[in-house]
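Dear colleague,

I am handing over the structure below, together with an account of what was found in it. Please read the two side by side.

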Amino acid sequence: TGIPSLSHSTPVSPPVILTQDELKKIAAYKAVEFVESGMVLGLGTGSTAKHAVDRIGELLRQGKLKNIVGIPTSKMTHEQAVSLGIPLSDLNEHPVVDLAIDGADEVDPHLNLVKGRGGSLLREKMVEGACKKFVVIVDESKLVKYLGGSGLAMPVEIIPFCWKFTAKRLQDLFEDAGCSAALRIEKGEPFVTDNGNYIVNLFFKKDIGDLKAASDAILRIAGVVEHGMFLGMATTVIVAGELGVTVKNR
Ligand code: 5RP
């Protein structure tokens, strides 16, 4: 009849669905392509950045990278880097960082970020604010229309003294955006940052609008140490998705 029989048709392989962690690893490996021997590197924190740090360790071990100095953005990353034999330093010794690679919780269309759900936003902001190039690595689930748009937390690091008072001031600041503030709790206890502080998570029902104004207003509250909005800091964002890797430059 000319109609091909189904039993002779070429088998079609099912599409390969990558896990979120595999996408994170793809983005991380792509970012490490920017690393050159002799660089001072900001080493990020989180499950995506961990892949980048592992890869840097691997390239050092293989002799493909030489004379790297890493500046970790958390105690956790410090431990990982030590275990990989990556030589470490700090901003006192190396105030200019050539390149930092780190993950993010949200990325907006202007490459502004929310960071710090791993609780390391202060050290991340210090190290990444001192770098010439800041490469952000994310899987596509992190892309949002506006910061806060994921409905998940925007973290603010605050000092523990009278934390409820500070949390209430933060919540009141964003009343129009339907903000609610909650202390970050882990294992039934307040989460304590590497710097001995607490984290207040802010949740928004609406777009907070002017990010620079929001940033300034948060930082004016006594008791606030730093917030997780990283505005205008990322120079490159590498997004790994099911359809491939996209590199966005500022
Ligand atoms: C930690 C961070 C992380 O980079 C951010 O939370 C993303 O984490 P992950 O790569 O695990 O999704 O800012 O403070």
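**A loop residue and its contacts**

Leaving aside its neighbours within four places in sequence, Asn-112 is in contact with Leu-147, Leu-211, Met-229, Phe-230, Leu-231 and Gly-232, where contact means that the C-beta atoms of two residues, placed from the backbone, lie within 7 Å. Asn-112 is found in the loop between strand 4 (106–107) and strand 5 (113–114); helices (H or I, at least four residues) and strands (E, at least two) are DSSP runs, numbered from the N terminus. With 21 other C-beta atoms within 10 Å, Asn-112 is buried, a residue being called buried if 20 or more other C-beta atoms lie within 10 Å of its own, exposed if 12 or fewer, and partly exposed in between, again with C-beta atoms placed from the backbone. Between Asn-112 and Cys-179 there are 67 residues in sequence and 20 Å in space, C-alpha to C-alpha.

**How to read the model**

Please bear in mind that this is a predicted model, in which local features need pLDDT of at least 70 and side-chain atom pairs count only at pLDDT 80 or more, while totals for chains, interfaces and linings use all residues. Residues are numbered from 1 along each chain as its sequence is written.

**The chain as a whole**

The secondary structure of the protein chain comes to six helices and 15 strands, and its C-alpha atoms fill a box of roughly 80 × 50 × 35 Å, taken along the principal axes. Of its 250 residues, 43% count as buried. Among the contacts in the protein chain with a separation of 6 or more, 75% are made by residues 24 or more positions apart.

Four strands form an open sheet in the order 8-11-7-12, with antiparallel pairing; two strands pair if DSSP finds at least two bridges between them. Strand 8 (180–183) and strand 12 (224–227) stand at the edges, each with a single partner strand, so one side of each is left without a neighbour in the sheet. From one strand to the next, the twist averages 30°, where axes are lines fitted to C-alpha atoms, for helices over the stretch in contact, and angles run from 0 to 180 degrees between N-to-C directions. Helix 4 (residues 121–128) packs on the sheet, touching strand 7 and strand 12, and its direction makes about 65° with that of strand 12. Strand 7 (residues 154–158) is joined to strand 12 in the antiparallel sense over three bridges, and the bridge partner of Glu-157 in strand 12 is Glu-226. Helix 5 (residues 163–173) lies across strand 7, strand 8, strand 11 (198–203) and strand 12, and runs at about 155° to strand 8.

Leu-202 lies in strand 11 and is buried, with 25 other C-beta atoms within 10 Å. Leaving aside neighbours within four places in sequence, the contacts of Leu-202 include Met-154, Val-156, Leu-170, Phe-174 and Ala-181.

**Strand 6 and its partners**

Seven of the nine residues of strand 6 (131–139) are buried, so the strand is largely enclosed by the rest of the structure. Strand 3 (97–102) runs parallel to strand 6 and is joined to it by five bridges, with Cys-131 as the bridge partner of Val-97. Strand 6 also pairs with strand 14 in the parallel sense, over five bridges, and Asp-139 stands opposite Ala-240 in strand 14.

**Helices 1 and 2**

Helix 1 (residues 20–32) has 13 residues and reaches 19 Å from its first C-alpha to its last, close to the 18 Å expected at 1.5 Å a residue, the expected span being 1.5 Å times one less than the number of residues. Its buried residues pack against helix 2, strand 3, strand 6, strand 14 (236–241) and strand 15 (244–249).

Among the buried residues of helix 2 are Thr-48, His-51, Val-53, Ile-56 and Leu-60, and what covers the buried residues of this helix includes helix 1, strand 1 (40–43) and helix 3 (75–84). Just after helix 2, Gly-63 takes a positive phi of about 75°.

**Around the ligand**

Of the 18 residues around the ligand, Gly-46, Ser-47, Thr-48, Gly-103 and Gly-118 come nearest, a residue being near if its C-beta atom, placed from the backbone, lies within 6 Å. The largest share of this shell, three residues, comes from helix 2 (47–61).

With best regards
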